[in-house]
Amino acid sequence: FGDLPETTKKDYVKVYASKVLGDRKLQYVLEEDIDIAERDLVMVVLDVEGTLMPEAWLELQKKTGIEGLKRTTAHEPDYDKLMRYRVNLLREHNIKISDMIEVVKDLKPLPGAKEFLDWLKPLVPRILLLTDTFEEYAMPMFEQLGYPSVFCNSLVVDSDGFICDHILRLKDQKRKAVESFQRLNFRVI
C-alpha cells in the first residue's frame, strides 16, 4: 500500500484475484505496491477485434462466403491499402454498411472479455480501447463492452449505403497514441 497512512489502509483492498472484488465498493489498489498518486497515472490500452470481440470482417466473410474478406493485416500490413481492397470488394458484391452492421449486431464478446473489463474498471482509472475498426459499424460492439472510451476510425458512406472510403484517424495510430500517453507520463499497460 505504499506510503498510505495506517488509518487509510483499511479503506483499500489488495487485489490478487477477481473473487477479492466481490460486491465491495471500497477503493482498490493494484496488486503491485504502488501508491495512489502512481495509480492515477496508470492507463490500460486494449485492442478490440481479436482481443475482446471477434473480427468483424472475418464474421462478414463467414456470412457472405466472399473469400477475399479473409485478407487481414497478416496478409496486407498496409492498413490503408487493405481497406481500399475491402471497400472495392464490398461494392463488387453489393454489400452495404447496413449488412456490416447486421453482422456486428450479432457478435458477442469473446469469452471472459466483458467480465475482464468489469473487473478492471475499479482497479484502473483509465481504460482505453484503441482500435482500427470503424465507428459506423462498431457501436454494437462498444455497447456490449459497456461503452468504454474508444479511439477508432471512420468510414465514408454514400447515399446508397455503400462504403466508399475510410478515414484513418492517424496512420499507425495505436503506436503513436501509446507513445503520446507515455509522454504525458501515463504508465501504459
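Analyst: A salt bridge is counted when a side-chain nitrogen of Lys or Arg lies within 4 Å of a carboxyl oxygen of Asp or Glu. This is a predicted model, in which local features need pLDDT of at least 70, side-chain atom pairs count only at pLDDT 80 or more, and totals for chains, interfaces and linings use all residues. Residues are numbered from 1 along each chain as its sequence is written, and side-chain values use heavy atoms, with hydrogens and water left out.

User: Which residue forms a salt bridge with Arg91?

Analyst: Asp158 does, with the closest N and O atoms 2.7 Å apart. Arg91 lies in helix 5 (residues 79–92) and Asp158 in the loop between strand 5 (149–157) and strand 6 (163–167), so the pair ties together parts 67 residues apart in sequence. Helices (H or I, at least four residues) and strands (E, at least two) are DSSP runs, numbered from the N terminus.

User: How many salt bridges does the structure hold?

Analyst: The structure holds 12 salt bridges. Among them, Asp47 pairs with Lys174 at 3.0 Å between the closest N and O atoms. Asp47 is in the loop between strand 3 (42–46) and helix 4, whereas Lys174 is in helix 9 (residues 173–183), 127 residues apart.

User: Which residues are linked in a network with Lys174?

Analyst: Asp47 and Asp132 are linked with Lys174 in a network of salt bridges.

User: Switching to helix 4, where do Lys62 and Glu59 lie?

Analyst: Both are in helix 4, 3 residues apart, about one turn of the helix.
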